[in-house]
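Here are my notes on the model you sent over. Have it open while you read.

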Amino acid sequence: MEIKKIKGNTFCITAGMTYIPFYKINEKEIIMLDSGWAKGQRQGIDELLEKNNFKVVAIICSHAHVDHIGNNTFLKNKFNCIIAMPVYEALVCSSVINLKLYYSNQTLSDVALHFGHMVCQTDMMIYDNQNSIYVCGVEFKILHTPGHSPAHICITTPDDVAYIGDTLISHEVMNGSKMPYAYILTEDLLSKSKLYDLKCSKYIVAHKGIYNEITGLITDNINFYKNRAKAIYILIVGSMTMQDILKTVIENFNINISNRYKYTLIERMLRSYVEYLNETGLIVLNMDNGFLKYSKVNV
Ligand SMILES: [Zn+2]
């Protein structure tokens with residue numbers, strides 16, 4: 001794990017397949033954009049902060065996923081820092097019960113066990129109509145990019161560096177990804193298109209890249225997600241339940257399911273693609289002898 005200078009006072013922590021940006025207010029105080037993953041990154045981030053004698057005064061979060069807000073409460077307890085987050089994301093991680101709404105296919109006990117550490121207290125809510133936020137006297141611009149998660153945001157620092165979060169993924173991640181995650185794919189594709197109008201001098205993609213220009217990457221992302229949906233569409237033969245589609249996709253995409261948590265994650269990922277195919281009119285959902293089944297629309 002190391003620190004990489006991006007531009008002006010904007011830096012980022014390189015942590016495996018993730019970039020965690022931060023903005024230096026002065027030699028000691030920093031504002032982090034997301035706080036990283038607890039399991040694989042907490043120790044490294046903590047050591048890096050100690051080594052550089054940094055004090056985290058605030059964390060602005062792009063969205064409430066386990067690899068982005070996993071150290072919020074840990075850092076808040078340590079530095080008493082402010083946490084700012086889009087209002088819906090803040091509500092999701094405000095309690096284990098609210099997290100259960102998001103991870104609805106897992107039991108409450110499983111949610112508590114695996115995601116309980118995500119629960120945190122948000123001090124500053126970012127509303128849907130808000131285009132900027134002042135944190136510790138520093139203005140950050142906000143672009144709302146819902147879809148990957150319900151209220152995902154991109155955050156631009158005063159150095160004109162945009163943190164894109166998970167609205168885009170790098171080519172490297174695309175190459176290794178069989179079915180990348182989107183909570184609502186239809187919205188996610190609209191948000192990706194929105195980025196064509198975001199003109200900044202640098203862009204940081206969480207997983208994982210730093211770019212001067214992202215036009216090509218946006219187009220490649222949109223095509224990649226649409227092509228994944230198309231590959232799932234091809235596998236739908238006759239009328240199939242969600243379980244039937246899942247079984248076929250796991251086999252054909254050669255997805256390794258080692259435990260039931262991976263299964264529930266893949267199930268959730270698939271749902272977004274199937275809903276997208278349904279919403280765009282390529283497949284329909286009908287009742288068939290007491291089962292809900294999807295089939296292709298005859299063209
Ligand atoms: Zn995410």
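In what sense do strand E10 and strand E11 pair, and over how many bridges?

1. That pair is antiparallel: E10 (residues 153–156) meets E11 (residues 161–165) over two bridges. Strands here are DSSP runs of E, at least two residues long, numbered from the N terminus, and two of them pair if DSSP finds at least two bridges between them. Within this pair, Thr 156 stands opposite Ala 162 in E11.

2. Before going on, the ground rules: this is a predicted model, where local features need pLDDT of at least 70, side-chain atom pairs count only at pLDDT 80 or more, and totals for chains, interfaces and linings use all residues. Residues are numbered from 1 along each chain as its sequence is written, and side-chain values use heavy atoms, with hydrogens and water left out.

3. E10 and E11 belong to an open, mixed sheet of six strands, ordered E8-E9-E10-E11-E12-E13. At its edges sit E8 (132–135) and E13 (209–211), each pairing on one side only.

4. Now the zinc ion. Its protein donors are His 63 (NE2), His 65 (ND1), His 148 (NE2) and Asp 166 (OD), at 2.1 to 2.2 Å. Donors means N, O and S atoms within 2.8 Å of the metal (3.2 Å for Na, K and Ca); water is not among the atoms, so sites may look incomplete. The sequence spacing reads H-x1-H-x82-H-x17-D. Of these residues, His 63 is buried at 0% relative accessibility and His 65 is buried at 9%. (Buried is under 20% relative accessible area, exposed over 50%, partly exposed in between, with a 1.4 Å probe and protein chains only.)

5. On to the rings: there are seven aromatic pairs. Phe, Tyr and Trp rings (the six-membered one for Trp) pair if their centres lie within 6.5 Å; planes under 30 degrees apart are stacked, over 60 edge-to-face, the rest tilted. One of the pairs is Phe 11 with Phe 22, stacked at 5.5 Å centre to centre and 10 degrees between planes. Phe 11 is in E2 (residues 10–15) and Phe 22 in E3 (residues 18–24), so the pair ties together parts 11 residues apart in sequence.

6. E3 also supplies Tyr 23, which pairs with Phe 140 of E9 (residues 138–144), so parts 117 residues apart in sequence are tied together. Phe 140 is buried, at 0% relative accessibility.

Terms used. Helices (H or I, at least four residues) and strands (E, at least two) are DSSP runs, numbered from the N terminus.
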